[in-house]
Amino acid sequence: MLKKRYEDGSEPIRIRAHHILCMQGFQGLGYSEEFTRNMTRITTKIQNNPFFLVKVVTEADSICQYCPHLQQGLCNIGKDSEESIRAMDLSALKALDIESGSLFLSAQIKVLTDNLSSKAIKTICGGCGWRKDCLYFQKKCSL
């Protein structure tokens, strides 16, 4: 069982379930310069530190905090956007066989995504506007 805090008292980083997949194919693109810089920082930290604690969630996370579409804690990128983003999160949770609120070491995050089938990835990411630029989607689903 993982501790809910690091020994120094800091909290785990909160990552939306579908962002676990986004981080695998991220290549420096984003909604704004500030968002991209934050996504790069978080992705690099998680990929380079195998013992970083990650809490998987289904609401705005540490990546969302710099998104220009985040309004009052909700995604407002388009019509029904919060609902469609949450549906992606729930689909990711189901495919990964985990629950919202689960804690993982960062090294475990990549292992979770390595075993997803192309069918599961297409189900989760099929409606995402970034899928044509996502290296993970391209690799796993052969666009």
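**Close-ups of a predicted model: sheet and helices**

**View 1. Arg14 stands opposite Lys55 in strand E2.** Here four bridges join E1 to E2 (residues 53-57), and the two strands run parallel. Strands pair if DSSP finds at least two bridges between them; helices (H or I, at least four residues) and strands (E, at least two) are DSSP runs, numbered from the N terminus. This is a predicted model, in which local features need pLDDT of at least 70, side-chain atom pairs count only at pLDDT 80 or more, and totals for chains, interfaces and linings use all residues. Residues are numbered from 1 along each chain as its sequence is written, and side-chain values use heavy atoms, with hydrogens and water left out.

**View 2. Three strands form an open sheet in the order E1-E2-E5, with mixed pairing.** At the edges lie strand E1 (13-16) and strand E5 (103-105), each pairing on one side only. On average, neighbouring strands of this sheet are turned by 40° against each other, direction ignored. Axes are lines fitted to C-alpha atoms, for helices over the stretch in contact, and angles run from 0 to 180 degrees between N-to-C directions.

**View 3. Helix H3 (residues 81-96) and helix H5 (residues 118-125) pack at an angle of about 160°, with their axes 8 Å apart.** That makes H3 roughly antiparallel to H5 (angles under 35 degrees count as roughly parallel, over 145 as roughly antiparallel, 65 to 115 as roughly perpendicular and the rest as oblique). Met88, Ser91, Ala92 and Ala95 of H3 meet Ala120, Thr123 and Ile124 of H5, contact meaning heavy atoms within 4.5 Å.
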